[in-house]
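The following exercises are to be worked with the sequence and the coordinates at hand. Each task is followed by a solution in steps.

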Amino acid sequence: MARVRLDVGYDGTDFSGWAAQPGRRTVAGVLLAELEKVFGPGNPTGLTVAGRTDAGVHATGQVCHVDLPDERWQALAPSLVRRLAGLLPGDVRVWAAREVPPTFDARFSAMWRRYEYRVVDTESGPSPLRRHDTLFWLRPLDLDRLNAAAAGLCGEHDFAAFCKRKEHATTIRHITAMSWRREPDGVLAATVQADAFCQAMVRSLVGAMLTAGDGRREPDWPASLLTRTERVSDVLVAPPHGLNLIAVGYPDEAEFAARAEQTRNLRGVPAGLRAAAAAQPTDRPS
């Protein structure tokens, strides 16, 4: 078998998220169905994704891997992207397909994921062509207040207040970068990068920052929630359509296996957080 990395983009509007679900249209389900048309039923195995996006969330920089019969892969590799372009529906694209070492794991070898969230607060709302990927916020937003709120959330913390907790999973994450910018057309875009994200974390962070940005909360309010050990009901979960997974970062090939092993184990955390995480194996859905 050959392990193949696929770089994928999709419009999440009409999908029930990435993960295959009986009776629902999902990105994984659609992609696997078309791969089986090319390679034969049951031949593509082990489809694994870097970040399991929720229903309605988009991706322009998603990464997954799949194991394919080596002889068939070698024969079809030069034409696979074009073949899939002819088979896949218009809301899913495979940008690239290339063989990688068997130690590559799209999920566990990843070093970081980067998301972007788009919001517009202009009187007219989003362009009709961008209504599926841009949130219309009815209150004016202040860029400085948004960035002040973002700065307080960077670093390694327990983000339990912003996550849907899962059994046997830690909510400790390390946000390495988060900031807002205003585009020339008035759209506000938040970029957030972390080693991983727990379920609904990005949209909860965005929702908290938006209430600070429009003046209903102080800019230090989102960071004040980092002391909580359970999800906070006051935190708005921003709608999914404004969110887009734009990139996933990986180490050099020689470090794929080591990174995967490190990810599977509980990460070292600051002393103040170590006790809270000690009994929780690492679970890293995005």
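**Exercise 1.** Is Phe197 buried or exposed, and what is its relative accessible area? Classify also the aromatic pair that Phe197 forms with Tyr115.

*Solution.* The model is a predicted one.
Step 1: Phe197 has a relative accessible area of 1%. Buried means under 20%, so Phe197 is buried.
Step 2: Tyr115 also has a relative accessible area of 1% and is buried.
Step 3: The ring centres of Tyr115 and Phe197 are 5.3 Å apart, with 90 degrees between the planes. An angle over 60 degrees counts as edge-to-face, and the pair is assigned to that class.
Step 4: Tyr115 belongs to strand β5, whereas Phe197 lies in the loop between β9 and α5 (201-213); the two are 82 residues apart, and the pair links distant parts of the chain.

**Exercise 2.** State how many aromatic pairs the structure holds, and classify the pair of Tyr10 and Trp18.

*Solution.*
Step 1: There are five aromatic pairs in the structure.
Step 2: For Tyr10 and Trp18, the ring centres lie 6.2 Å apart and the planes meet at 40 degrees, so this pair is tilted.
Step 3: Tyr10 and Trp18 are both buried.
Step 4: One aromatic cluster is formed by Phe104, Tyr250 and Phe256.

**Exercise 3.** Identify the ring over whose face Arg217 lies, and do likewise for Arg264.

*Solution.*
Step 1: Arg217 lies over the face of Trp221, 4.1 Å from the ring centre.
Step 2: Arg264 lies over the face of Phe108, at 4.2 Å from the ring centre.

**Exercise 4.** Describe the pairing of strand β8 with β7 and with β9.

*Solution.*
Step 1: β7 (residues 155-158) and β8 (residues 172-182) run antiparallel and are joined by four bridges. Within this pairing, Glu156 has His174 of β8 as its bridge partner.
Step 2: β8 and β9 (residues 187-194) also run antiparallel, with seven bridges between them. Here Arg181 stands opposite Ala189 of β9.
Step 3: The hairpin of β8 and β9 has four residues between the strands, and in it Gly186 adopts a positive phi near 95 degrees.

**Exercise 5.** Characterise the largest pocket by its volume and its lining.

*Solution.*
Step 1: The largest pocket holds about 240 Å³ of space.
Step 2: Its lining consists of 15 residues; Tyr10, His58, Thr60, Asp133 and Asn244 lie nearest the centre.
Step 3: β3 (58-68), β5 (112-120) and β10 (243-249) each give two or more residues to this lining, and β3 gives the most, with three.
Step 4: By class, the lining comprises four nonpolar, six polar and five charged residues.

Methods:
Residues are numbered from 1 along each chain as its sequence is written. This is a predicted model: local features need pLDDT of at least 70, side-chain atom pairs count only at pLDDT 80 or more; totals for chains, interfaces and linings use all residues. Side-chain values use heavy atoms; hydrogens and water are left out. On a 1 Å grid over the protein atoms alone, a cavity is a set of points where a 1.4 Å probe fits but cannot get out, and a pocket is an open set with protein on both sides within 12 Å along at least five of seven lines; lining residues have an atom within 4 Å of a point. Grid points are joined across faces, edges and corners, and a volume is the space filled by probe spheres set on the points. Ala, Val, Leu, Ile, Met, Phe, Trp, Tyr, Cys and Pro count as nonpolar, Asp, Glu, Lys and Arg as charged, and the others, Gly among them, as polar. Two strands pair if DSSP finds at least two bridges between them. Rings of Phe, Tyr and Trp (its six-membered ring) pair if their centres lie within 6.5 Å; planes under 30 degrees apart count as stacked, over 60 as edge-to-face and the rest as tilted. Buried means under 20% relative accessible area, exposed over 50%, partly exposed in between (1.4 Å probe, protein chains only). A charge sits over a ring if NZ of Lys or CZ of Arg is within 6 Å of the ring centre and within 35 degrees of the ring normal.
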